[in-house]
Amino acid sequence: MSQRDATDVFSEWAEKGKDKGMEKGHARSVHAMLKLAGIPRNEHYSAIDVGCGNGWVCRTIAEDKMCTHVVGVDGSAQMIGKAHAIDEQGEYHLALLPDWEPSQKFDLVHSMEFLYYLHDPQTMLKVFYDKWLNDGGMLIVGVDHYLENEDSLDWSEALNVHMTTLSIEQWKTAILEAGFDEVEIHQVGKKEDFIGTLVLLGKK
Ligand SMILES: C[S@@+](CC[C@H](N)C(=O)[O-])C[C@H]1O[C@@H](n2cnc3c(N)ncnc32)[C@H](O)[C@@H]1O
């Protein structure tokens, strides 16, 4: 059986209300990531959340008064529909990546549990660097599916969705080769039975 598109699977999740559970499940790691990204900040900044699901991270970032503009993008119509329903004034784009580019650059590009659904996440990191980030801007990416997280290695088969499985070292090489400086690699949100969300942070 051919693999399904991740966005179709997540549209079904949104229809069943499973986006809420995902939000709850990811909150611990995302809060740690936002802290690593220096949020709340003391200078104005713009931000985009890539693979934003129902948009909850955008709304969390928007609570920081220094954030002047926050955008979400996701390829699932149902997820983006939810984001618009919850937050009518918010800016959410329905778009399939990597075939979409924002019309402006940002000071912060954030992404949680999205990048490995792409067939070539390494090239996406380069595109974030070249086309999405302002000079001096920061990228912060969290992934739970990576080689060292053995519990995550059957997810692709279980969901029948493509996942690109990279090791911590391969993710580190990818962010460095994309051109990022001041690269940091973290594992956050660890629990007894979870080795943590792998976080890649870099500056342009
Ligand atoms: C695991 S969910 C994470 C959602 C959100 N970041 C969160 O933490 O709740 C992955 C999201 O990535 C989106 N996605 C997957 N592949 C995509 C693609 N090629 N283009 C755009 N969005 C995609 C899915 O629709 C889904 O909403």
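**Close-up views of the cores and helix contacts**

**View 1. The largest nonpolar core.** Among the 42 residues of this core, those touching the most other members are Leu115, Leu125, Phe128, Trp132, Leu139 and Trp171. Here a nonpolar core is a set of buried Ala, Val, Leu, Ile, Met, Phe, Trp, Tyr and Cys residues joined through side-chain atoms within 4.5 Å, and buried means under 20% relative accessible area with a 1.4 Å probe, protein chains only. The model is predicted, with local features needing pLDDT of at least 70 and side-chain atom pairs counting only at pLDDT 80 or more, while totals for chains, interfaces and linings use all residues. Residues are numbered from 1 along each chain as its sequence is written, and side-chain values use heavy atoms, leaving out hydrogens and water.

**View 2. Around leucine 115.** Setting aside neighbours within four places in sequence, Leu115 is in contact (heavy atoms within 4.5 Å) with Pro121, Met124, Leu125, Phe128, Val141, Val143 and Trp171. A second, separate core has 25 residues, including Val30, Val57, Ile61 and Cys67.

**View 3. Helices H1 and H2.** Helices are DSSP runs of H or I, at least four residues, numbered from the N terminus. The axes (lines fitted to C-alpha atoms over the stretch in contact) of H1 and H2 (residues 18–36) come within 5 Å and cross at roughly 100°. H1 is therefore roughly perpendicular to H2, a word used for angles of 65 to 115 degrees between N-to-C directions, on a scale from 0 to 180. On the H1 side you will find Phe10, Trp13 and Ala14, which meet Lys18, Asp19 and Met22 of H2.

Technical notes: Helices (H or I, at least four residues) and strands (E, at least two) are DSSP runs, numbered from the N terminus. Angles under 35 degrees count as roughly parallel, over 145 as roughly antiparallel, 65 to 115 as roughly perpendicular and the rest as oblique. Buried means under 20% relative accessible area, exposed over 50%, partly exposed in between (1.4 Å probe, protein chains only).
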